[in-house]
Amino acid sequence: MEAERIFATAADWKLSDQEFFYFKQLIYDIAGISLSEKKKELVKSRLISYIQGLELKSFEAYLQFLQKLPTESHYWQEFVNLLTTNKTDFFREPKHFDYIIQTVIPAWLKTGEKVMKVWSCASSSGEEPYTLAMVLRRHLPAGKDFEIFATDIDTDILSRAQNGVYAMTKFDEIPAEYQKDSISIGTGDVSNWFRVKSSLKEKITFKQHNLLDEADVKDGSFDLVFCRNVLIYFSKETISRVVQNLENKTKESGLLFIGHSESLQGIESKWKTIQPSVYKLNAVKG
Ligand SMILES: C[S@@+](CC[C@H](N)C(=O)[O-])C[C@H]1O[C@@H](n2cnc3c(N)ncnc32)[C@H](O)[C@@H]1O
């Protein structure tokens, strides 16, 4: 039996339509992620070696194993971590950061507030909240400060974000004017890596959070909410629920940034477009 387990290859693993349907339903119920039929191979490849590591021999055995566990079991969290997609970059969709520098900061300065509060609510491995921190530190004038709340449903990716260490292949994503103040390049054995400086890291609070839940933060907390490149994984119904949750956490006239390929068209909410992929709470439509 042991030999059978060791020598089974990925090609021997069959994911039936019914098993795929169950996995789809589970990740939808937990995280709101809608997997299309085209994602069957992806689900298969993400799960196989993990299931083998549990010494289970089939997708069916894994489903039975999961379903006997209480919802707070770490195995459920690992299941979610395996099925999220975490692609991100520093300064991704740079028009948003230009807009913050040219329009958002000057308008915010007129409010007389002292601390700008920003939420990166699908922060993945941290490039988005660190980019926000780099931009705000450089462009807010003396006497003004900022705080960033960075959350994600995936606990593995959140640990990587908190760690703030990246491969040098990502170095060029950071414009030269930000590099010196924000990061340190490794030497010797770690010369292929750079790390975010602690002075920048300490501006960010990392926490696990599922966008389907009401955030564990006070209502009306944030000036800006970055919810980019996560709505693409959600159904219209889930997008509606998520953006309504975000309304409650945002200040009156706060802004919501979504990915350039995402849209709130046809979604009932208090968010009104003010720029492509930028929305303002309660704005009078122009
Ligand atoms: C493609 S990344 C986007 C990262 C970043 N916002 C960007 O635009 O580069 C999507 C992230 O959304 C997270 N995610 C998926 N479903 C979520 C949910 N229900 N609640 C919170 N985060 C979720 C994933 O774990 C993943 O890290």
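User: In E10, which residue is the bridge partner of phenylalanine 257?
Analyst: The model is predicted, so to speak of local features a pLDDT of at least 70 is needed and side-chain atom pairs count only at pLDDT 80 or more, while totals for chains, interfaces and linings use all residues. Residues are numbered from 1 along each chain as its sequence is written. Strand E8 (residues 250-257) runs antiparallel to E10 and is joined to it by 3 bridges, where strands (E, at least two residues) and helices (H or I, at least four) are DSSP runs numbered from the N terminus, and two strands pair if DSSP finds at least two bridges between them. In E10, the partner of phenylalanine 257 is valine 278.

User: Which residue in the turn of the hairpin formed by E9 and E10 has a positive phi?
Analyst: Strand E9 (residues 271-275) pairs with E10 in the antiparallel sense over 4 bridges, and within this pair tryptophan 271 stands opposite leucine 281. The hairpin leaves 2 residues between the strands, and the one with a positive phi, about 65°, is serine 277.

User: Which strands stand at the edges of the 7-stranded open sheet, and why is one side of each left without a neighbour?
Analyst: The sheet has mixed pairing and runs in the order E6-E2-E1-E7-E8-E10-E9. Each edge strand has a single partner strand, so one side of it has no neighbour in the sheet; these strands are E6 (204-208) and E9.

User: What angle does helix H8 make with the direction of E6?
Analyst: Strand E2 (residues 145-152) is joined to E6 by 5 bridges in a parallel run, with alanine 150 standing opposite phenylalanine 206. Helix H8 (residues 155-163) packs on the sheet and touches both E2 and E6, contact between two residues requiring C-beta atoms, placed from the backbone, within 7 Å. Axes are lines fitted to C-alpha atoms, for helices over the stretch in contact, and angles run from 0 to 180 degrees between N-to-C directions; on that basis the angle between H8 and E6 is about 165°.

User: In E5, which residue is the bridge partner of isoleucine 185?
Analyst: A further open sheet has 3 strands in the order E3-E5-E4 with antiparallel pairing, and its edge strands, E3 (165-167) and E4 (183-185), each have a single partner. E4 is joined by 3 bridges to strand E5 (residues 193-196), and there the partner of isoleucine 185 is phenylalanine 194.

User: Is serine 182 buried or exposed?
Analyst: Serine 182 is found in helix H9 (residues 176-182), and beyond its neighbours within four places in sequence it contacts Met134, Ile174, Val196, Lys197 and Leu200. A residue is buried if 20 or more other C-beta atoms, placed from the backbone, lie within 10 Å of its own, exposed if 12 or fewer, and partly exposed in between. Because serine 182 has 22 such neighbours inside 10 Å, it counts as buried.

User: Which side of the domain boundary contributes 7 residues to the contact between domain 1 and domain 2?
Analyst: The domain assignment gives domain 1 (2-83) and domain 2 (95-281), with bounds that come from an automatic or database assignment. Their centres, taken over C-alpha atoms, are separated by 31 Å. Of the two sides in contact, domain 2 brings 11 residues, and the 7 come from domain 1.

User: How many charged residues are in the shell around the ligand?
Analyst: The ligand is surrounded by 24 residues, the closest being Thr84, Thr88, Ala122, Ser124 and Asn229, where a residue is near if its C-beta atom, placed from the backbone, lies within 6 Å. Each of domain 1 and domain 2 supplies at least three residues to this shell. Ala, Val, Leu, Ile, Met, Phe, Trp, Tyr, Cys and Pro count as nonpolar, Asp, Glu, Lys and Arg as charged, and the others, Gly among them, as polar. By that division the shell holds 9 nonpolar residues and 9 polar ones, and the number of charged residues is 6.

User: What value is the phi of serine 124 near?
Analyst: Serine 124 lies in the loop between strand E1 (115-120) and helix H7 (127-139), and it is buried, with 25 other C-beta atoms within 10 Å. Its phi is positive, in a residue other than glycine, and is near 50°.
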